[in-house]
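I opened the notebook to go through this model piece by piece. Here is what I looked up, in the order I took it.

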Amino acid sequence: MDPNWFTALFDDHYENVMNNAGRYVSDGFAGTSSISGFGGSVGDGYGNYNSEVQDDDLNQQDDNDGGDLFWHRECDRTKLFICTAGALTMYYNTYVYKEPCMNSYNTGMRWLTEILNGHWMRCVNMFRMDADTLKSLALELETMYRLKPSRRMSVIEKVGMFLYTLALGASNREVQERFQHSGETVSRNFKEVLRSVCLLAADFIKPVDPEFTTTPLEIEMNPRYMPYFKNCIGAIDGTHVRACVSQEIQIPFIGRKGIPTQNIMAACSFDMQFTFVWAGWEGSAHDTRIFYEAIGNTNIQFPRPPEGINPKKNMYIYAGKYYLVDSGYPNEYGYLGPYRGERYHLPEFHRRGQPRSREELFNRVHSSLRCVIKRTFGVWKKRWRILQTMPEFPYKSQVKIVVASMALHNYIRRKSDQDVAFNKFDSHPDFVPPDTFPDVVPQSQTTGHQSASRMDYIRDAIANSLMGQ
């Protein structure tokens with residue numbers, strides 16, 4: 001027997017090894033065998049032996065050849081067993097056995113426990129919320145939003161991995177190393193938590209007072225705005241976050257930012273909570289187009305300003321509540337914009353002095369109050385680094401990440417009284433952070449003559465009151 005036959009059989013890729021073994025089996029028992037190899041023949045072959053024995057003088061030779069044939073067949077069986085065992089061993093080593101990679105003593109749960117029980121700032125740095133808020137979030141996601149533990153991972157570790165990814169913009173490999181789990185486990189658990197947080201968003205991204213029956217405390221307690229803006233219920237604006245899409249479909253996503261982005265329309269209350277979000281629009285989409293789609297589509301559930309009832313005519317009329325919008329939006333019922341063609345943004349008044357007319361005075365107060373939406377965007381983007389460096393998720397997942405991060409923003413605002421990011425903005429009420437992605441192309445404004453609306457009269461009345469104070 002050739003001593004190199006076994007090496008020759010397995011000196012190839014696994015896919016060819018199984019073919020070699022199968023070919024050997026068929027050749028070895030189809031009527032031929034070999035002394036020198038696993039695919040040849042022995043003498044004239046044991047399959048034709050009886051037909052070649054013609055007379056009684058060859059009986060002795062027949063007995064001798066039969067003995068040799070017996071040992072050759074036993075050798076073939078031994079080879080078959082070895083081939084089968086070798087193939088199974090190779091299959092096990094290739095597809096079944098996996099050498100442990102994430103085998104650090106400092107497992108993800110051990111590290112997470114150390115963070116939660118350590119200095120409070122460590123938890124804020126890693127997960128952008130304090131330990132009590134993180135534990136509360138994990139408990140609510142498990143009991144109310146269908147997030148379940150797995151055999152080897154608790155809910156709080158899943159939530160920790162998710163927050164770590166959002167807070168630091170960490171890649172899959174970085175999360176693997178930090179939490180000592182495989183890439184498949186990291187990806188699967190991220191999707192599970194993302195799904196649960198999107199369910200939470202339905203309960204947290206909405207007005208606390210859906211009927212808008214009370215004046216916001218931030219207006220009621222500030223003489224700059226009370227009573228002039230007592231019927232104001234929030235602010236609306238659009239913002240952009242980076243989008244990671246293939247080159248074939250990038251063109252619609254490249255707008256005035258000069259890079260692929262998704263355009264997001266949002267409304268917020270004056271305590272910097274999001275009350276509405278509509279994400280997923282291409283970066284080139286104009287804010288006005290998104291606005292009209294939001295207020296005109298009844299399936300979107302935009303929190304519209306409430307309407308009153310005229311008891312004499314039994315019909316709905318405008319009740320006086322409104323959102324603040326900038327000059328890029330129409331000055332329609334329920335949406336109060338500034339005077340166009342006049343100074344508006346606060347830095348303009350800092351550079352060029354005090355307002356010189358009632359229109360400029362109104363615009364300055366309007367801008368000061370409406371900047372709450374810019375401040376809300378600032379807190380939100382500063383907290384979650386993933387919004388600046390969006391990984392290569394499917395685009396639908398990128399949209400869900402935006403919504404989930406806004407839901408977590410609101411959750412922290414409601415549950416944490418000593419949040420670092422919110423406290424910084426609360427202590428500086430006039431601070432407006434710069435945009436993460438500044439415009440490289442000037443934003444086009446709505447042009448053309450617009451007929452006078454009821455909001456024009458409301459704006460004039462507020463401007464006159466500000467001048468007479």
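**Confidence.** I then looked at the protein overall: its mean pLDDT is 83, and 77% of its residues reach 70 or more. Residues 29-58 have pLDDT below 50, with 40 contacts in the model beyond near neighbours in sequence.

**Ground rules.** This is a predicted model, so I noted that local features need pLDDT of at least 70 and side-chain atom pairs count only at pLDDT 80 or more, while totals for chains, interfaces and linings use all residues. Residues are numbered from 1 along each chain as its sequence is written, and side-chain values use heavy atoms, with hydrogens and water left out.

Most residues other than glycine have a negative phi, and most peptide bonds are trans. I went looking for exceptions.
- R146 is not a glycine, yet its phi is positive, about 65 degrees. I placed R146 in the loop between α7 (131-144) and α8 (155-168); helices here are DSSP runs (H or I, at least four residues), strands are E runs of at least two, and both are numbered from the N terminus.
- F212, also not a glycine, has a positive phi of about 55 degrees, and sits in the loop between α10 (183-204) and α11.
- M226 and P227 are joined by a cis peptide bond, with omega about 10 degrees. P227 lies in the loop between α11 (217-220) and β1 (232-242).

Which of the two, R146 or F212, is buried and which is exposed? I used relative accessible area with a 1.4 Å probe and protein chains only: buried is under 20%, exposed over 50%, partly exposed in between. R146 is exposed at 63%, whereas F212 is buried at 9%.

**A helix pair.** I checked α5 (residues 108-117) against α6 (residues 120-127): they pack at about 125 degrees, axes 6 Å apart. The α5 side of the contact includes W111 and L112, and the α6 side includes M126 and F127.

Helix α15 (residues 372-383) has 12 residues and reaches 17 Å from first C-alpha to last, close to the 16 Å expected at 1.5 Å a residue. I found 10 of its 12 residues buried, among them F377, W380 and K381.

How values were computed:
Axes are lines fitted to C-alpha atoms, for helices over the stretch in contact, and angles run from 0 to 180 degrees between N-to-C directions. Contact means heavy atoms within 4.5 Å. pLDDT is the predictor's confidence in each residue, from 0 to 100. The expected span of a helix is 1.5 Å times one less than its number of residues.
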